[in-house]
Amino acid sequence: MRQGPGGSAVIRFRTAGLVLLLLHLLLVGWLTLRPLDVLWVNAANLTPFAGIRADLALGPLMAARRIGEGLLLLAPLGVLLPVAGGRLAVSFWASLARTVAAGALISLGIELLQTGVPGRVVDVDAMLLNTAGVALAHLLVVPLGRSRLRRKQGSPSGRRTPRPGGRPGMLPREDVSQGATPTIPRVGVAP
């Protein structure tokens with residue numbers, strides 16, 4: 001990681017993101033992987049959207065509660081994963097794809113771990129809702145946050161100045177010569 005003006009702030013920002021990410025994952029693990037004392041357990045739901053349709057059949061208030069819980073459980077990952085990554089100059093689509101893929105894998109891991117927990121069953125709709133929550137949180141917070149941080153880091157006018165020879169929109173960077181390129185002497189071929 002390049003150290004420059006604000007380098008220690010970047011490290012503190014990433015460290016805070018990692019700590020919050022760890023705390024959130026511990027909370028999610030505690031909420032989803034502790035055994036439940038129940039008299040009976042529903043069958044595993046492996047049909048996409050079947051559970052959401054069943055929730056909608058319970059009425060709007062109960063459906064909003066259940067679907068909202070599914071969306072909100074892993075939604076903070078949509079913000080915490082990019083913060084922990086610490087990248088400011090990154091493609092919007094690449095960041096979204098990485099974050100959503102990581103959220104989907106974490107949700108899949110939770111669902112698979114729940115197979116061994118008494119009172120818990122696999123629900124493909126929970127995985128879909130968790131992943132959608134990660135994507136929504138990322139879409140709502142990360143692009144705006146990155147643009148504000150770029151403006152703060154950029155020139156006083158708020159516009160970023162491209163580095164010489166760089167693409168427009170790239171963050172400025174100090175180019176420092178690293179010396180001459182080393183050469184390897186050629187060795188002749190033996191007869």
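Predicted model: local features only at pLDDT ≥ 70, side-chain atom pairs only at ≥ 80, totals over all residues.
## Overall make-up

The protein chain has six helices and zero strands. From the N terminus, its elements run α-α-α-α-α-α. Buried residues account for 25% of the 191 residues.

Contacts across the sequence are worth a look too. Of the contacts with a separation of 6 or more, 72% join residues 24 or more positions apart.

## Helices α2 and α3

Two packed helices are described by the angle between their axes and the distance between the axes. Helix α2 spans residues 50-57 and helix α3 spans residues 60-73. They pack at an angle of about 145°. Their axes are 7 Å apart.

On the α2 side, the residues that meet α3 are Ile52, Asp55 and Leu56. On the α3 side they are Ala63, Arg66 and Ile67. By type, this contact holds four nonpolar residues, no polar ones and two charged ones.

## Salt bridges

Side chains of opposite charge can pair when their charged atoms come close. The structure holds two salt bridges. One of them joins Arg66 to Asp55, with the closest N and O atoms 3.2 Å apart. Arg66 sits in helix α3 and Asp55 in helix α2, so this pair ties together parts that are eleven residues apart in sequence. From C-alpha to C-alpha, Arg66 and Asp55 are 7.0 Å apart. Leaving aside neighbours within four places in sequence, Arg66 is in contact with Asp55 and Leu58.

Arg65 and Glu69 also meet in a salt bridge, at 3.4 Å from N to O. Both lie in helix α3, four residues apart, so about one helical turn separates them. Arg65 is partly exposed, with a relative accessible area of 48%. Glu69 is partly exposed as well, at 44%.

Asp125 lies in helix α6, which covers residues 124-153. Asp125 is buried yet has no salt bridge. The nearest side chain of opposite charge belongs to Arg53, 7.1 Å away. Backbone nitrogens are within reach instead. The Asp125 side chain reaches the backbone nitrogen of Phe49 at 2.5 Å. A polar atom of that side chain also lies 3.2 Å from the backbone nitrogen of Ile52. Beyond its neighbours within four places in sequence, Asp125 is in contact with Asn45, Thr47, Pro48, Phe49, Ala50, Gly51 and Ile52.

Phe49 itself is in the loop between α1 (7-33) and α2. Phe49 has a positive phi of about 70°, although it is not a glycine. Phe49 is partly exposed, with a relative accessible area of 47%.

## Glu111

Glu111 is found in helix α5, residues 92-113. Glu111 is buried yet has no salt bridge. Its nearest side chain of opposite charge is Arg120, 8.3 Å away.

A polar atom of the Glu111 side chain lies 2.9 Å from the backbone nitrogen of Asp123. Not counting residues up to four places away in sequence, Glu111 touches Val121, Val122, Asp123, Ala126 and Met127.

Terms used. Residues numbered from 1 in each chain as written. Heavy atoms only, no water. Helix = DSSP H or I, 4+ residues; strand = E, 2+ residues; numbered from the N terminus. Buried < 20%, exposed > 50% of the residue type's maximum accessible area, 1.4 Å probe, protein only. Lys, Arg positive; Asp, Glu negative; His and termini not counted. Salt bridge = Lys/Arg side-chain N within 4 Å of Asp/Glu carboxyl O. Polar contact = N/O pair within 3.5 Å; in protein donor to acceptor, adjacent residues only side chain to side chain. Contact = heavy atoms within 4.5 Å. Axes fitted to C-alpha atoms, helices over the stretch in contact; angles between N-to-C directions. Nonpolar A, V, L, I, M, F, W, Y, C, P; charged D, E, K, R; others polar.
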